[in-house]
Amino acid sequence: MAIAHVAEDEQALIAAIRELAQERVAPRAAEIDHTGEFPWDMKELLAQQDILAMPFPAEYGGVGASELAMVMAIEELSRCCATTGLLLAVQQLGSTPILLAGTDEQKKQYFPRLASGEWLAAFGLTEAGSGSDAAAMRTVAVRKGDTYILNGAKRFITNGGLAQVNTVFALTDPAAGTRGISAFIVDKDFPGFSVGRIEDKMGIKGSQTAELIFTDCEVPAQNLLGREGDGFKIAMRTLDRTRPGIGAQALGIAQGALDLAVSYSKQRIQFNKPIAENQGIQFMLADMATKVEAARLMVYNVAEMIDRGEQNFSQYSAMAKMFASDAAIEVTNDAIQVLGGYGYMKEYPAERMMRDAKITQIYEGTNQIQRLVIARALLTAS
Ligand code: CAA
């Protein structure tokens, strides 16, 4: 909303994304939800407008956007369509391990085609038995000469099967706990890589969520990120950087629901007057707007901490994601209430917004895990 927050040179970019979202993305949102098909047209639109290039440094063909501009872009897209907002959030998530730990050669090899939008990225951490407990993974990687052989499976992977570039976490030393986990860049066409079950979800229906299966999958040793054993920390540092993006997705959904509730309440006549004239509705709208604004300040604040190069932002990232996603559920729920019976029907987007909001309390770490991250930071601070 508040474009003035971002540096002057990025204000035009965010204003253009807002216009694009309202004119080109919003009209597609209901259909994407209804068909559940991956929105290739939205992917192309974001690629053509260089929006998918935002997370990548200019020297590798990207836009090198600030983190603040990133969250504002995800917010604007998600305000109109959460599935489209997720395209940008996951392009960042899947490539951040390479940004943080990749060599110059790895960045040169992968970033230009990710930045152009030719390739999508995915982040392979979660497994069937390893969700909140990310260290409980079973996928193994065994080095044989110049190759690592991966065996195992990843579950609930956003963009799974569509992404050419998958950052995958696997055990190279199963006895070493979190220090035995390594990170790899796995191309979709490496031998032994296949796609399993495609999930049928409650919301973000156009986004593909799939299982990735590794059967003696051959990954060149040069695709190891950092050193053996660095993987868990790369995953945690990645999530610290990208959770604000999920906060921004939640914020955008909540803003969209607030916009809808305000405009509906001015038009809906009951008892011979717009329902907006009732204090019962006004108080709901005021609470919704306050939650949206508080979420916005938290998401923007942590993005600015990242842009300033601050090191200890992990808890603020968790707080922003947690608060914004809880706010999104409350605000979308209230929007349905303001719309009454119409809110419950698919004719209006309120129910879609609530279904889309729910995942933001779950992925990139459940809000219970965010509380754990925040509490640990509080209790270990000197
Ligand atoms: N940055 C750097 N290092 C970190 C770190 C951080 N934020 N957090 C932990 N570490 C380090 C610790 O310092 C420790 O290092 P040492 O070995 O040197 O001591 C090591 O990592 C292990 O840390 P913990 O003992 O704290 O690890 P843990 O097993 O207790 O797990 C956890 C911590 C926070 C619960 C972690 O498992 C977690 O974040 N779980 C949630 C996973 C998650 O968010 N999954 C989301 C999947 S992606 C997704 O959802 C995307 C999508 O679809 C769009």
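**Aromatic pairs and a loop aspartate**

The structure, a predicted model, holds ten aromatic pairs.

Q: What kind of aromatic pair do Phe 38 and Trp 40 form?
A: Two numbers describe a pair of aromatic rings: the distance of the centres and the angle of the planes. For Phe 38 and Trp 40 those come out at 4.5 Å centre to centre and 65 degrees between the planes. Planes over 60 degrees apart get their own label, so this pair is edge-to-face.

Q: Is Phe 38 buried or exposed?
A: Let's go by relative accessibility, where buried means under 20%. Phe 38 sits at 11%, so the label is buried.

Q: And how does Trp 40 count by relative accessibility?
A: Trp 40 has a value of 42%. Exposed would take over 50%, and buried under 20%, so Trp 40 counts as partly exposed.

Q: Which residues form one aromatic cluster with Phe 56?
A: Ring pairing here goes by centres within 6.5 Å. The cluster that holds Phe 56 also takes in Tyr 60 and Phe 111.

Q: Where is Asp 146 found?
A: Look at the two strands around Asp 146: β2 covers 140–144 and β3 covers 147–158. Asp 146 is in the loop between β2 and β3.

Q: Which residues does Asp 146 touch, not counting residues up to four places away in sequence?
A: A touch here takes heavy atoms within 4.5 Å. With those sequence neighbours left out, Asp 146 touches Val 219, Pro 220 and Ala 221.

Notes:
Residues are numbered from 1 along each chain as its sequence is written. This is a predicted model: local features need pLDDT of at least 70, side-chain atom pairs count only at pLDDT 80 or more; totals for chains, interfaces and linings use all residues. Side-chain values use heavy atoms; hydrogens and water are left out. Helices (H or I, at least four residues) and strands (E, at least two) are DSSP runs, numbered from the N terminus. Rings of Phe, Tyr and Trp (its six-membered ring) pair if their centres lie within 6.5 Å; planes under 30 degrees apart count as stacked, over 60 as edge-to-face and the rest as tilted. Buried means under 20% relative accessible area, exposed over 50%, partly exposed in between (1.4 Å probe, protein chains only).
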